[in-house]
Amino acid sequence: MTQHSKPVVTVLTAPGEKEPPGMDALRARAEVRFASDEPTLRDTLPGTDVMMVTDFRTEALAAAWPAADKLQWIHATSAGVDALMFPDLIEGDVTVTNARGIFDRTIAEYVLCTILMFAKDFPRSLRLQAEHKWQHRDTERAEGKQVLIVGAGSIGGQIARLCKAAGLKPHGIARKPRHDDPDFVAVHGNDDLTEQLGLADFVVIAAPLTPQTEGLFNEKAFKSMRKSARLINIGRGPVVKTDDLIAALNNGDIAGAALDVFEEEPLPAEHPLWDMENVIMTAHMSGDFIGWKRALTDQFLENLDRWHQGEELFNLVDKKLGYASKK
């Protein structure tokens with residue numbers, strides 16, 4: 001791409017989704033096309049140089065892929081890129097980047113909040129308040145508790161920093177052990193997961209969804225955890241087998257769970273998780289702060305300027321691994 005020519009950028013949104021904020025700034029830099037499903041994407045892909053994908057669940061790109069005749073780079077406005085990891089893209093030359101860094105702090109705040117809510121028994125306090133009941137109780141100290149963060153990448157590191165600041169002891173699980181990581185007490189390899197699950201008071205899932213992590217938290221994993229431990233999932237829903245989680249909660253294999261992501265979204269109104277007193281749930285919003293959509297566009301525009309100038313892109317995704325590795 002020469003410095004003075006405008007690239008063609010296709011923005012793939014979810015069906016019915018509004019145009020992302022900041023598109024005027026994008027139009028100043030590029031010829032902008034919009035698509036929201038397979039038919040519209042097949043129309044817009046020919047001649048497209050760059051894609052900005054806001055629909056992190058999309059299957060349209062894989063279906064319309066034969067129409068991508070000039071595509072060089074795909075940017076996902078999400079941390080997770082699992083929906084984009086189909087074989088033709090993985091094996092091809094198209095570069096993929098993601099929104100690494102945008103949601104790290106707010107997700108970490110969410111995790112620390114849920115840890116403190118469990119320690120201070122806030123779910124019960126809120127129920128008692130709704131019932132107009134005064135019931136004094138002693139609660140736990142959070143300080144000194146061990147937190148195991150499964151997925152010691154960018155988000156995991158920020159979670160560890162906030163946990164440390166609160167006096168908790170964060171340990172990480174990564175593909176390979178890391179020594180002297182300042183954010184963690186220690187970063188262990190995947191092979192140490194079962195052992196570390198048995199030592200943690202809080203287990204946080206911050207791992208991407210890959211073939212290796214899908215269904216990772218199953219009956220065996222829950223039975224490896226302490227009966228007093230709580231699970232917090234801000235990663236991806238399919239990392240947890242929901243039926244096994246419900247059984248573990250009902251059987252007392254673990255003490256509670258805070259869930260922001262689920263195998264099925266939105267969660268049906270009749271789902272048993274809604275009524276479990278030891279479960280905290282939110283609607284896939286742990287990282288979403290006021291202004292996050294514009295922040296995502298601004299991040300893409302910064303990378304687009306780099307691409308236009310022939311500079312190296314940031315947040316490069318390793319397509320074989322399925323995520324952007326921590327540097």
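Colleague: How many aromatic pairs does the structure hold?

Modeller: The structure holds six aromatic pairs; rings of Phe, Tyr and Trp (its six-membered ring) pair if their centres lie within 6.5 Å. This is a predicted model, in which local features need pLDDT of at least 70 and side-chain atom pairs count only at pLDDT 80 or more, while totals for chains, interfaces and linings use all residues. Residues are numbered from 1 along each chain as its sequence is written, and side-chain values use heavy atoms, with hydrogens and water left out.

Colleague: Why is the pair of Trp73 and Trp307 called tilted?

Modeller: Planes under 30 degrees apart count as stacked, over 60 as edge-to-face and the rest as tilted. The planes of Trp73 and Trp307 stand at 35°, with the ring centres 6.1 Å apart, so the pair is tilted.

Colleague: Why does Trp73 count as buried?

Modeller: Buried means under 20% relative accessible area, exposed over 50%, and partly exposed in between (1.4 Å probe, protein chains only). Trp73 has 0% relative accessibility, so it counts as buried. Trp307, at 12%, counts as buried too.

Colleague: What makes Trp292 partly exposed?

Modeller: Its relative accessibility is 25%, so Trp292 counts as partly exposed. Phe103, at 9%, counts as buried. Phe103 and Trp292 form a tilted aromatic pair, 6.0 Å centre to centre with 55° between the planes.

Colleague: Which residues does Ile159 contact, leaving aside its neighbours within four places in sequence?

Modeller: Contact means heavy atoms within 4.5 Å. On that basis Ile159 is in contact with Ile107, Ala108, Val111, Ile149, Val204, Ala206 and Ile234.
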